[in-house]
Amino acid sequence: MEKSRHASLPISVGNVTKTYGNVYALDDVSIDIKSGEFLTLLGPSGSGKTTLLMVLAGFARPDCGSLRFGESEMIRLPPHRRNVGMVFQNYALFPHMSVAENVGYPLRLRRMAKAEIGAKVDDSLETVQLGGYGDRRIDQLSGGQKQRVALARAIVFEPRILLMDEPLSALDKKLRDRMQIELRHLHEKLGMTTVYVTHDQREALTMSDRIAVINHGRIMQLATPQKLYDNPENRFVADFIGESTFLKVARDGSGLEAAGVKIGSSKPSPDSGSLLLMMRPERIRILEGPVAERVNEFPAIVSDLVYQGESYLLYARLGDGTELAVRGATRSDAFSRLPKPGEKVRLGLDYADTLIFSDAEA
Ligand code: ADP
Ligand code: MG
């Protein structure tokens, strides 16, 4: 593969619905993916991630909706004419072929000349750091090496769009962590528009330019990792990404109240319906001395303090009985002292970190 970036294309998914019997695998999905973007579909098992990828690749025909790559409508094109590279979770390699034969397969399909195939296969294997492995048999490779072969095969014909369906889920954690960084570097180098599927929120946060959180075939929020984490728009997203405790919020005259405490926030909250307050463990701290302004203060009783190596996790019970988790890095001033079970503490949540949203189940 030449070291220059591949051409890439924007993808526009418009109002796509796909049903299987009475199951809505995709329910009116619209997404615009930018040219060269690394976009991740993140959601629990059965949420529709694979179905959406199959619609993009052309293996599933939606009931309705449109799909454009650049200016071209794709919905009626068969998979082999869409020119997308695809990597599956289970590698889907041909066991009876060598590494080089596997990687060269898409080029033979495209009837490329033998000499040219050889050069492109070598380049592609080099790109995934498997230079010199061409003659190996597939069953002589480790899981990580097989996944690299699958990746080399997906990029060898220089597709403008790369689709990956949980490609790292069969690997052990250490290798997965390394491959996440490697795939990200590869994307930066090659620059093709990439749609990546995972159910692992940390993987999504690590790799993506933007993340589409999907549940029951619907996009719950589409935003950058930081926006999703700091400003989830609904309970599903807040719950799925990171850890949180939720408190019911009551309207108290003109103001808001949760766990018997008046609540202030620097962010707007919905003005009707029932409300929830989201509390992230690492955004809460133990207050000492006088209360600062613009901090919500919750009296609580410590139930447990757990040492977890890089951080402490403190569990405390609020006035309304809710148990709350508070996380502080071990080597930081998050906990100026370590309280004991049974001790009374005051927990602080800055107005800036106080996020209130509608309790409606989306
Ligand atoms: P995910 O990849 O997020 O786990 P899928 O896209 O595979 O989810 O599935 C979404 C929903 O569609 C699930 O309820 C699943 O059972 C259903 N589904 C997917 N493919 C088929 C199929 N070929 N036939 C029937 N139901 C399917
Ligand atoms: Mg799937």
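1. Eight residues of domain 1 touch nine residues of domain 2; contact here means heavy atoms within 4.5 Å. Domain 1 covers 11–236 and domain 2 covers 243–358, with bounds from an automatic or database domain assignment. This is a predicted model: local features need pLDDT of at least 70, side-chain atom pairs count only at pLDDT 80 or more, and totals for chains, interfaces and linings use all residues. Side-chain values use heavy atoms, with hydrogens and water left out, residues are numbered from 1 along each chain as its sequence is written, and chains are lettered from A and ligands numbered from 1 in the order in which they are written.

2. The C-alpha centres of domain 1 and domain 2 are 39 Å apart. Between them the domains bury about 740 Å². That is the accessible area (1.4 Å probe) that two parts lose on being put together, summed over both. Carbon and sulfur atoms carry 49% of it. On the domain 1 side, Tyr 229, Pro 232 and Arg 235 supply 69% of the area buried against domain 2, more than any other three residues.

3. One salt bridge is counted between domain 1 and domain 2. The term requires a side-chain nitrogen of Lys or Arg within 4 Å of a carboxyl oxygen of Asp or Glu. The side chains of Asp 230 and Arg 283 form a salt bridge at 3.2 Å, N to O.

4. Helix H7 (residues 225–230) gives the largest share of the domain 1 side, three residues. Helices are DSSP runs (H or I, at least four residues) and strands are too (E, at least two), numbered from the N terminus.

5. Now the ligand. Residues around ligand 1 include Tyr 20, Val 23, Pro 44, Lys 49 and Thr 50; the cut-off is a heavy atom within 4 Å. Backbone N or O atoms approach its oxygen atoms at 2.7 Å from Gly 46 and 3.0 Å from Gly 48. An N or O atom in the Lys 49 side chain is 2.8 Å from an oxygen atom of ligand 1.

6. Arg 294 sits in the loop between strand S15 (284–286) and strand S16 (295–307). Leaving out residues up to four places away in sequence, Arg 294 touches Ser 266, Asp 350 and Tyr 351.

Terms used
A polar contact is a pair of N or O atoms within 3.5 Å; within protein, one must be able to donate a hydrogen and the other to accept it, and residues adjacent in sequence count only if both atoms are side-chain atoms.
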